[in-house]
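I opened the model to look up confidence, helix length and core packing. My notes follow.

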Amino acid sequence: MPTFEEITAFVTEKPLATAVIALLSLAGLVLVFLVLRIAWRALSWLFTRYIAPRPIEDVLTVVAASIATGVSAQGMWRFSGDVLGLDGPLRLLLFAFIEVAIITSAVRARRNMRENFSAGIDGIAVWALTCLTAVLSSMDARSLPEAVFRLAAPLVAAWLWERGMAIERHRIRGTGRINWRLTPERLMVRMGLAEVSDRTASEVDAHRRLTRVALAAKKAKALREGGAPERKMRAALAKLDKAMDQAVEHTGLAVDASRQEALLAQIAALYNTSALIDADPRVPWEPTADHHPVPARPALPPALAELVSDEDEDIEVFDTTPQVLSTAERAARMRSAREFWDRQIAKGIVPRTVDIAQEIGISLATAREYRALWKLEPQAHALIEALYQQHGIVDTGAFPAIDDQGRVLSGKS
């Protein structure tokens, strides 16, 4: 590196060359600044357009899949040189053809998912090509750990892609995952090692002991009614007595009213099982014998019926010649119409289309457009819904709100 004295001597001896070098350096700095600015804007646009709207897990999935694909491509680079003997530009052009095919298939599979709700053959191609590049890149490994690593990297990328596709598939279809019929929880319940409900151990034990009493009572009753021998009756009664003793000892049956009712309910159900064959249940949608049709809504008062039957299209408010208005005048009329609408809604009245047109002096088409937007607001919609629920009137734009007695609302009560 030249010293300060050498730089000073060079500037003194060659001022023109020094000026040219300074200008070129300044231009270079400006060019570097412009390039960095353009790159920053491009990165900001890419981030705002593609990264910011996506969830963080999708971004991390893309990053991890890109890293895994790079590891696979590096293995294919060595495979193309060591095994295929490719070198130079040919090696640069051909080494990553499988990775490009994987990315192409993944993009096509995502498009098929959005259009046809299924990844289709392209989804299968992603896994097939991933396994192919994993095997080929691991064949040129120098050790077993390297081979395992090169096998795992493409499969990790494919798995991350598959999980992203599964989440998108559930979001598009609106369906959840399947529920397996064979699970460890179901097996434990089937073998009696787990409880299907959240009952405590004491509650489960009490229920089982009460059930034993009810079953023993049913068996003894059946033997007695069937004329069983005395020996069988004594055995059945002894079993019933033993079950009852255990229930009283371990469940508190003698003092617990709820468990007494539960035992009686079980015995009643077991004693009357034969009545099920004579049961005549009705389907939920079949009307009962005392079903009566819902009475029609009361008739409207004559004055209100006349108001409702009026059609705003048949009322001539003013000259229907199209008016040419400036933007400011149109905005002023819209504000006036809005103020009139708010005043009437505050009084409990839903203005008709003709009311807005006559009050402000606008065309029926414009008034109808305003009303169609404003009637969807909560307060106006509540008034319109009350009118329909009470009198069955559908909003056509030509009726006022009414109260429970059928009178036109002219103010708050």
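What should the 20 residues of helix α6 (residues 120-139) span at 1.5 Å a residue, and how far apart are the end C-alpha atoms? The end C-alpha atoms are 30 Å apart, which agrees. Helices here are DSSP runs of H or I of at least four residues, numbered from the N terminus.

This is a predicted model, so I noted the limits: local features need pLDDT of at least 70, side-chain atom pairs count only at pLDDT 80 or more, and totals for chains, interfaces and linings use all residues. Residues are numbered from 1 along each chain as its sequence is written, and side-chain values use heavy atoms, with hydrogens and water left out.

I checked pLDDT (the predictor's confidence in each residue, from 0 to 100). The protein chain averages 77, and 79% of the residues score at least 70. Where pLDDT is low, the predicted coordinates should not be read in detail.

I then looked at the largest nonpolar core, which has 16 residues. Such a core is a set of buried Ala, Val, Leu, Ile, Met, Phe, Trp, Tyr and Cys residues joined through side-chain atoms within 4.5 Å; buried means under 20% relative accessible area (1.4 Å probe, protein chains only). Elements giving two or more residues to this core are α13, α14, α15 and α16.

Technical notes: Buried means under 20% relative accessible area, exposed over 50%, partly exposed in between (1.4 Å probe, protein chains only). The expected span of a helix is 1.5 Å times one less than its number of residues.
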